[in-house]
Amino acid sequence: MTLPAPAPLAAPGPTRSRTTTRGLRPRGRLPRRLLLHCAAALVLVLSVFPVYWMILTAFKPTADIQADTPVFLPTHLTLDHFADAVRTEGFWGFWRNSLIVTVSCVLLALVVALAAAFAVARLRWRGRRGFILMVFLAQVAPWEALLIPMYIIARDFGMLDRLSMLTLVYFMLTLPFTIVTLRSFLTGIPAELEEAAQVDGCTRTQAFRRVTLPLLAPGLLATSLFGFITAWNEFAFANMLIIKNQGDRTLPVWLSSFSNVFGTDWGATMAASTLFALPVLVLFLVLQRRVGAGMTGGAVKG
């Protein structure tokens, strides 16, 4: 018995290595990426250069500041402008006023907004949709439109030249955003976690405190940062509501005190601006790390 002859093997065709296939890119992709990188670098320069110029001017001698040709890399630096800013009358009092108003506003907004966000995200009650709509409308309303009404209210109730009135105004400005943000975070946390904790014997308050609140830490940090920056940097209301009692003014208004009959002391102004921006920068760097760590850590704990 003879076996059939084996079929002839097909001739090997041209092969292309995987490395060369993966290394090939469309011709239009590289110019597009290069254009995006250039645009990102331009945005970075435009964003960082004003901050760089502020800090550089704070350290430059007065002769370099008043020179006809801008000095981008001075050979000599000085701390005299910072000393002039710190020695300004009422500096530490203005610092204390800003800190009191800002911290009080943030804490008050967090407490009220947390209760409102929980009621909107977890409970079902008549008028809930209308309440959410009013919160959104209050958030998009321009703050400048509230200057005159707030001044009239403070004048009629005898609240002018008081830090308590300024704290209430900042609380009103930051509350809508805080409610909306915390509501979004609460909506993303499953309600079944609280229900499981209640089945295990926890009350509703205990389930919220032990289960939901740790998962809500990133939202609390984000809203606290926003409220702190808003209240710390606000100028218009502080300049309008504190008129007679100059000792109750805040740091943004203090920055306008470096003008005299000879003009503006730009060195002291930039040094004061650097000191003014330093707490916000430090707080942002600290909370930026903890927001991501709190999100992952809270998810593991939950």
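Q: Which residues does Val 101 touch, not counting residues up to four places away in sequence?

A: In this predicted model, Val 101 touches Leu 163, Leu 166, Thr 167 and Tyr 170. Val 101 itself is found in helix 5, which spans residues 91-122.

Q: Is Val 101 buried or exposed?

A: The cut-off for buried is a relative accessible area under 20%. Val 101 has a value of 1%, so Val 101 is buried.

Q: How is the packing of helix 10 and helix 11 to be read, and at what angle do their axes cross?

A: Two packed helices are described by the angle between their axes and by the distance between those axes. Here the axes of helix 10 (residues 204-215) and helix 11 (residues 217-233) come within 4 Å and cross at roughly 55 degrees. Helix 10 is therefore oblique to helix 11. Leu 213, Pro 214 and Leu 215 of helix 10 make the contact with Ala 217, Pro 218 and Leu 220 of helix 11. By class, the residues of this contact are 6 nonpolar, no polar and no charged.

Q: What is the phi of Asp 161, and where is Asp 161 placed?

A: Most residues other than glycine have a negative phi. Asp 161 has a positive phi, near 60 degrees. Asp 161 is in the loop between helix 7 (147-156) and helix 8 (163-188). With a relative accessible area of 17%, Asp 161 is buried.

Key. Residues numbered from 1 in each chain as written. Predicted model: local features only at pLDDT ≥ 70, side-chain atom pairs only at ≥ 80, totals over all residues. Heavy atoms only, no water. Helix = DSSP H or I, 4+ residues; strand = E, 2+ residues; numbered from the N terminus. Buried < 20%, exposed > 50% of the residue type's maximum accessible area, 1.4 Å probe, protein only. Axes fitted to C-alpha atoms, helices over the stretch in contact; angles between N-to-C directions. Parallel < 35°, antiparallel > 145°, perpendicular 65-115°, else oblique. Contact = heavy atoms within 4.5 Å. Nonpolar A, V, L, I, M, F, W, Y, C, P; charged D, E, K, R; others polar.
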